[in-house]
Amino acid sequence: MISIEQEAYISFLQQLEFRLLEQYCGEKYSRIHKECRIAKTVMRRICTRFGEITLKITHIKNAVGEFFSPLLQSMGIRKYQRIPEDLENRIRDKACKMSYRDAAEDVRNSFEFPISRQWVWKINQLNNPVPVASSKNHKVLLADGTKIKGNKGGHLEPKAIMSTDSEKKEKCLLALETDKSWKEMAENLDFDGFRVLVADGEQGLMEALVKPGMLFQFCHLHAIRDLSFYLWQDKIEKSARGKFIKPLKEILYTVQNSTKKYFVDKNKARLLWRIRWANKGINKLIARLEKRECEQSAEFLKRNKKYLFTAAQLAITYNLRVPWNTNLAERLMKEIGKRTKKKSMRWSPNGLMSILSAVLKRYFLPPEKRCYKNIYGGDSIGG
């Protein structure tokens, strides 16, 4: 039985088709010659936001012999399909927030037409590639990766490179890959204008992404966690690790606060003194670790101490605000994991990139613009 909403929508579509036919073929019985003429009418089932409807559709033939329906064309319904483009974009938006099975159930509850999880998957495969953009004159790079279970055993490793401007609170995705190394990803990027890379100590990351004219800022949160890990490897008891971790925290957070103060009072001499003080503090901590025979912990600090205060140096040199941690990149990995790391999920490389395209299109828009129309650019009337 047809509902009142369906009846009104069918009436609207019939009126729209009548106007479109006049536009293509001219008025009925008119002597004005048109390139298109009415060819046939067929009954079609169409999925709409009011449920599934059956409608008589008129097809026309143009001068080159092509058959098409002006109504279906205006609704964004492709050949052999029955879901309008606008509605497909709504389904993609649901699929980027929940599993394909849950998305199919939500579509049935919202629009009252049958759809399977395979159908939702197929719609999402037609999505655009992962969106990347220019850096918008940003100076700061961030990079991070995560591990996701693959459908053939083992793991896939999505890696993301993004840029940011802390003053304007902007973020921009520059690259995302699942099967390439950092070095291979760097080959397709333009590093002109970038001053610093903020990242953790992942092997090969700094060597691949820090180009001439750039510096490296070691994430302070990772530095604290890594020192704790190396202390564990050096067989230091948990209760005793705080004697080394607490001084490191005090040094790092003091430099952070001094750098924030610098942007207020512009006192270069005081910030330079603070950087020298911090380096002396790190050297004293290294000496304590060596005295305790914590070789791996001491080596870790020796290897990375010159990267711990890069943000303070750039504040003086370029008046540049650099984040002290990789929270923005970690938040991006969390957005990826929220959709792809659920129990029993296994991904192929193509399937993973397809769903990440939908997820990241949404994430890199400002919260107030995260509407499916802004994300996918759907502008048809089919919804």
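A residue is called buried when its relative accessible area is under 20%, exposed when that area is over 50%, and partly exposed in between, as judged with a 1.4 Å probe and protein chains only.

The model is a predicted one, in which local features need pLDDT of at least 70, side-chain atom pairs count only at pLDDT 80 or more, and totals for chains, interfaces and linings use all residues. Residues are numbered from 1 along each chain as its sequence is written, and side-chain values use heavy atoms, with hydrogens and water left out.

**The whole chain**

Along the principal axes, the C-alpha atoms fill a box of roughly 100 × 45 × 35 Å.

Next, colour the chain by pLDDT, the predictor's confidence in each residue, from 0 to 100. The average is 89, and 95% of the residues score at least 70. Select residues 378-383, where the pLDDT is below 50. Beyond near neighbours in sequence, this stretch has 20 contacts in the model, a contact being heavy atoms within 4.5 Å.

**Strand E2**

Select residues 51-61, which form strand E2. Gly51 belongs to this strand and is buried, with a relative accessible area of 1%. Show Phe113 as well: Gly51 and Phe113 are 62 residues apart in sequence, yet 5.1 Å apart in space, C-alpha to C-alpha. Leaving aside neighbours within four places in sequence, the contacts of Gly51 are Gln6, Ile46, Phe111, Glu112 and Phe113.

Move along to His59, also in strand E2. His59 counts as buried at 12% relative accessibility. With neighbours within four places in sequence set aside, His59 is in contact with Ile38, Ala39, Lys40, Val42, Phe68 and Ser69.

**Helix H3**

Now select residues 85-95, helix H3. Nine of its eleven residues are buried, so H3 is largely enclosed by the rest of the structure. Among the buried residues are Asp86, Leu87, Glu88 and Arg92. To see what covers them, display strand E1 (37-48), helix H4 (100-111), helix H5 (117-125), helix H13 (327-340), helix H14 (349-363) and helix H15 (372-376), which are included in the cover.

**Helix H9**

Turn to residues 238-265, helix H9, and pick out Ser258. Ser258 is buried, at 6% relative accessibility. Not counting residues up to four places away in sequence, Ser258 touches Arg270, Leu271 and Arg274.

Finish at Pro323, in the loop between helix H12 (310-318) and H13. Pro323 is buried, with a relative accessible area of 18%. Its contacts, leaving aside neighbours within four places in sequence, are Val140, Ser166, Val198 and Gln217.

Conventions:
Helix = DSSP H or I, 4+ residues; strand = E, 2+ residues; numbered from the N terminus.
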